[in-house]
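My plan was to go through it piece by piece and write down what I looked up.

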Amino acid sequence: VNYHDVVKIIDAAGGVKVELVEEEIEYMNDKIEAVAKTVGADWMGNKIPLDHTGTYKLNGVQAAGYMRVRVLEGDGDLGRTSRIRTILMGMKDNLRKMNLVQLGNFANVVLPCITTDMGQDDIAGHLVKLSKYLKYDFISNRIPADDTFYYSTDGHAYTMVDFEINREYFLNIVYTEQQKANILASEAAED
């Protein structure tokens, strides 16, 4: 999805409530300006006042700006991905409160924004089950996991990742013990 799509999708979800600190707002306003120019929106009407920290209901332009912040002290790109997960989880919370008609309207906004190899029948089947899916517990996480990577120290910008530990971490989070055993057995048979 591009920024036009992100803005449309977040607005269709009803915006997202986010707790903002002053430092985020400062950097966020620069990103909001860039997003607003990209999508043809009014920047000044989307700007967040610097002296008003707290919980905000962000619209699509503001949320897209929030998701782009990556320069806060000590959080870099991991902080940016955390902010993206915050927006996605907030959208999920909004979708949980929607009725089937509202979910259908949301889908009508989202579907033209994505490309998939799923057929219309597959998509329709999942849309019918969407309210059921939204009742599941959601886990917000990331790979690489904490303490399984380090940043380069040679003046270049790269991350060294322990892939085997992260693979195990991923399998433990996503799959049941039986599913994990089946995956490992299948891989062993391929070797």
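This is a predicted model: local features need pLDDT of at least 70, side-chain atom pairs count only at pLDDT 80 or more; totals for chains, interfaces and linings use all residues.

**Entry 1: helix H3.** I counted buried residues along H3 and got 8 of 9, so the helix is largely enclosed by the rest of the structure. The buried ones are Gly-60, Val-61, Gln-62, Ala-63, Ala-64, Gly-65, Tyr-66 and Met-67. Next I asked what covers the buried residues of H3. The cover includes H1, E1, H2, E2 and H4.

**Entry 2: H3 against H4.** I then took up one of those neighbours. The axes of H3 and H4 come within 7 Å and cross at roughly 150°. An angle over 145 degrees counts as roughly antiparallel, and H3 and H4 are therefore roughly antiparallel to each other. On the H3 side I listed Ala-63, Tyr-66, Met-67 and Arg-68 as the residues making the contact. On the H4 side I listed Arg-80, Arg-83, Ile-84, Thr-86 and Ile-87. By type, the residues of this contact divide into 5 nonpolar, 1 polar and 3 charged.

**Entry 3: the core.** Ile-87 turned up again when I looked at the largest nonpolar core. This core has 34 residues, and Leu-20, Leu-58 and Ile-87 touch the most other members. I noted which elements supply at least two residues each: helix H1 (3–12), strand E1 (16–20), helix H2 (22–39), strand E2 (54–58), helix H3 (60–68), helix H4 (76–96) and helix H5 (100–110). Which of them gives the most to this core? H2 does, with 6 residues.

Neighbours within four places in sequence were set aside. Ile-87 is then in contact with Ile-10, Val-16, Val-18, Leu-58, Ala-63, Tyr-66 and Met-67.

**Entry 4: H1 against H2.** At what angle do the axes of H1 and H2 cross? They cross at roughly 100° and come within 9 Å. H1 and H2 are therefore roughly perpendicular to each other. Tyr-3, His-4 and Val-7 in H1 meet Val-35, Thr-38 and Val-39 in H2. I sorted the residues of this contact into 4 nonpolar, 2 polar and no charged.

**Entry 5: Leu-134.** I looked next at a loop residue. Leu-134 lies between helix H6 (120–133) and strand E3 (149–151). Is Leu-134 buried or exposed? It is buried, with a relative accessible area of 6%. I checked what Leu-134 touches, not counting residues up to four places away in sequence, and found Lys-92, Leu-95, Arg-96 and Leu-103. Leu-134 and Arg-96 are 38 residues apart along the chain, yet their C-alpha atoms are separated by 5.7 Å.

**Entry 6: aromatic pairs.** I found 3 aromatic pairs in the structure. I wrote up two. The rings of Tyr-133 and Tyr-136 have centres 6.1 Å apart and planes at 35°, so this pair is tilted. Tyr-133 is partly exposed at 25% relative accessible area, and Tyr-136 is partly exposed at 43%. For Phe-149 and Tyr-151 the ring centres are 5.5 Å apart and the planes lie at 75°, so this pair is edge-to-face. Phe-149 is buried, with a relative accessible area of 19%. The cut-off for buried is under 20%. Tyr-151 is partly exposed at 46%.

**Entry 7: Ile-183.** I moved on to helix H8 (residues 177–190), where Ile-183 has its place. Ile-183 is partly exposed, with a relative accessible area of 22%. Leaving aside neighbours within four places in sequence, I found Ile-183 in contact with Leu-171 and Tyr-175. Ile-183 and Leu-171 are 12 residues apart in sequence and 9.1 Å apart in space, C-alpha to C-alpha.

**Entry 8: the whole chain.** The chain has 8 helices and 4 strands. From the N terminus on, the order is α-β-α-β-α-α-α-α-β-β-α-α. Along the principal axes, the C-alpha atoms fill a box of roughly 60 × 50 × 25 Å. Of the 191 residues, 31% count as buried. I also took the contacts between residues at least 6 apart in sequence, and 63% of these join residues at least 24 apart.

Definitions and conventions. Residues are numbered from 1 along each chain as its sequence is written. Side-chain values use heavy atoms; hydrogens and water are left out. A nonpolar core is a set of buried Ala, Val, Leu, Ile, Met, Phe, Trp, Tyr and Cys residues joined through side-chain atoms within 4.5 Å. Buried means under 20% relative accessible area, exposed over 50%, partly exposed in between (1.4 Å probe, protein chains only). Contact means heavy atoms within 4.5 Å. Axes are lines fitted to C-alpha atoms, for helices over the stretch in contact, and angles run from 0 to 180 degrees between N-to-C directions. Angles under 35 degrees count as roughly parallel, over 145 as roughly antiparallel, 65 to 115 as roughly perpendicular and the rest as oblique. Ala, Val, Leu, Ile, Met, Phe, Trp, Tyr, Cys and Pro count as nonpolar, Asp, Glu, Lys and Arg as charged, and the others, Gly among them, as polar. Rings of Phe, Tyr and Trp (its six-membered ring) pair if their centres lie within 6.5 Å; planes under 30 degrees apart count as stacked, over 60 as edge-to-face and the rest as tilted.
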